[in-house]
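I opened the notebook to check a few local features of this model.

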Amino acid sequence: MARDRGMRWLPETVLRPGRYLRDLAKRSPSRMAVLIFFLAAVLFSGLLTLPVSSADGRAAPLQDAVFTATSAVTVTGLTSVDTATQWSFFGQVVILLAIQAGGLGIVTIALLLMRAVTRHLGVRGKLFAQQSIGGASKLGEVGQLLRIVVVTTLTIEAILVLALVPRFVMIEEHWWEGLWNALFYGISAFNNAGFSIHEGGLAPFDGDLWILVPIMIGVFVGSFGFPVFLTLIIHKWHRRKWSLHTKLTLTTTTILLAVGALAWGLLEWGNDRTIGHLNPAEKAFHALFASVMMRSGGFALTDTNESTPITLLVSDALMFVGGGSASTAGGIKVATLAVLFLGIIAEARGDRHVIAAGRHIPDGSLRLAISVTFLGATLVLVATGLVMTVSTAPLDRILFEVISAFATCGLSVGLSAELEPFGKYVLSLLMLAGRIGPIGLAAALALRQRHLLYTLPEERPIIG
């Protein structure tokens, strides 16, 4: 408490915010990141409530501003209002800035700010950076890795924008409109955000491969994660030198891409409301595009609400898994799924250790994978129950929207726009929790390890 006259009852966090942030950065870098994430959502929500952010010049409803800002900061892509008609050019710029902030990673921004405040990263901060970004074999390399993260992000985004500019300039009336569209979709694609500034999303560009292919590639590459980028930058295509994480991520991602495309294509092949009226080549492309976007991209060429119930169920599973660790994608991450699957195989074989690619995976990694998965399932369960209290929509639609929010995917069956304000706030909190939860949990568990100096008698409970 402050001792100054007239302010003795004010807390230290109010009187000396700088000192509080420095102390928080040293004590708990993960909490620092969560705080900055939350403050970023509040900041962009405030900007979107300004009349200048709306196309009609009137302040947007608070729940829609909060929902859109949170969706952008968490690079989700769910919207409760049409981005193309609700927001002005200024509002769309705000959304794009929020996407970029979320894509670079609030965790990365927090670490950069922490370094600026404390002049250096402490041991706990460097451990947290290793857990969040990956790729550092030595603690002293973290500062360099942070710079690589920023440069890599901006470089890939620039390549996507350059690939999209010619086509957009050709189809738009003014060249600056084409440039803006290319910039927006290039950043939105790599960051797996799924925001679109055209009515109907990407549906008006159905069949235009000059636009759809770069966007699809941007989403796919963005889901790899910075640890994979760092490995490829250092070791190129020398697969023997790749880290286990890179091998697991790329292998699992490829398998999920193929399985998702095959499942979605077969289930929707005869559905005239989606792709049933198209020729086989067009159906195959739609299936591949849908599989990429179900991983966290959020763009759609067909009306997701017109998909069959079993297609929605398959999409739920793929969205829940998400993309790579420390990537712009959400979900529990493909490496988590790989470790769980390898653990099941080891148990079925009776192996004492979980082994992959000539490496022994520590038991702690398996426990962490179980914890992240359980946390994700719990968040989805609680949020589904809360939304059901204010919505009469069928369970499959509610569950789809909830998983899309948790996994920061952005695919929607239209429920977000139909919900009462309470439901929109629930999904907003879920998007934040989905983006922060697995990262925060992993970081917290990585930094909190007890070393007991004794052992207790072993006894196995009955499982199954």
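My entries follow, grouped by topic.

**Ground rules.** I am working on a predicted model, where local features need pLDDT of at least 70, side-chain atom pairs count only at pLDDT 80 or more, and totals for chains, interfaces and linings use all residues. I number residues from 1 along each chain as its sequence is written, and side-chain values use heavy atoms, without hydrogens and water.

**Helix α17.** I looked up residues 363-388, which form helix α17 with 26 residues. Helices here are DSSP runs (H or I, at least four residues; strands are E, at least two), numbered from the N terminus. From first to last C-alpha, α17 reaches 38 Å, close to the 38 Å expected at 1.5 Å a residue. That expected span is 1.5 Å times one less than the number of residues. Buried residues in α17 include Ala 369, Gly 376 and Val 387. I use buried for under 20% relative accessible area, exposed for over 50%, and partly exposed in between (1.4 Å probe, protein chains only).

**Annotated spans.** The unreviewed UniProt entry lists transmembrane regions, among them 209-234, 313-346 and 366-386. Such annotations may be inferred rather than shown by experiment. I find residues 209-234 to be 88% helix, with end C-alpha atoms 32 Å apart. Residues 313-346 are 65% helix, and their ends lie 28 Å apart.

**Helix α10.** Is Phe 184 buried or exposed? Phe 184 is buried, at 0% relative accessible area. Phe 184 lies in α10. Beyond four places in sequence, Phe 184 touches Gln 92, Ile 95, Leu 96, Phe 195, Ser 196 and Ile 197; contact means heavy atoms within 4.5 Å. Trp 175 also has its place in α10, but Trp 175 is exposed at 54%.

**Salt bridges.** I searched the whole structure and got five. The criterion is a side-chain nitrogen of Lys or Arg within 4 Å of a carboxyl oxygen of Asp or Glu. Asp 208 pairs with Arg 167, closest N and O atoms 2.8 Å apart. Asp 208 sits in the loop between α10 and α11, and Arg 167 in helix α9, so the pair ties together parts 41 residues apart in sequence. Asp 208 is buried at 13%, while Arg 167 is partly exposed at 24%. Next I checked Arg 273 and Glu 306, a bridge with its closest N and O atoms at 3.5 Å. The two residues are 33 residues apart, in loops on either side of α14. Arg 273 is exposed at 54%, and Glu 306 is partly exposed at 25%.
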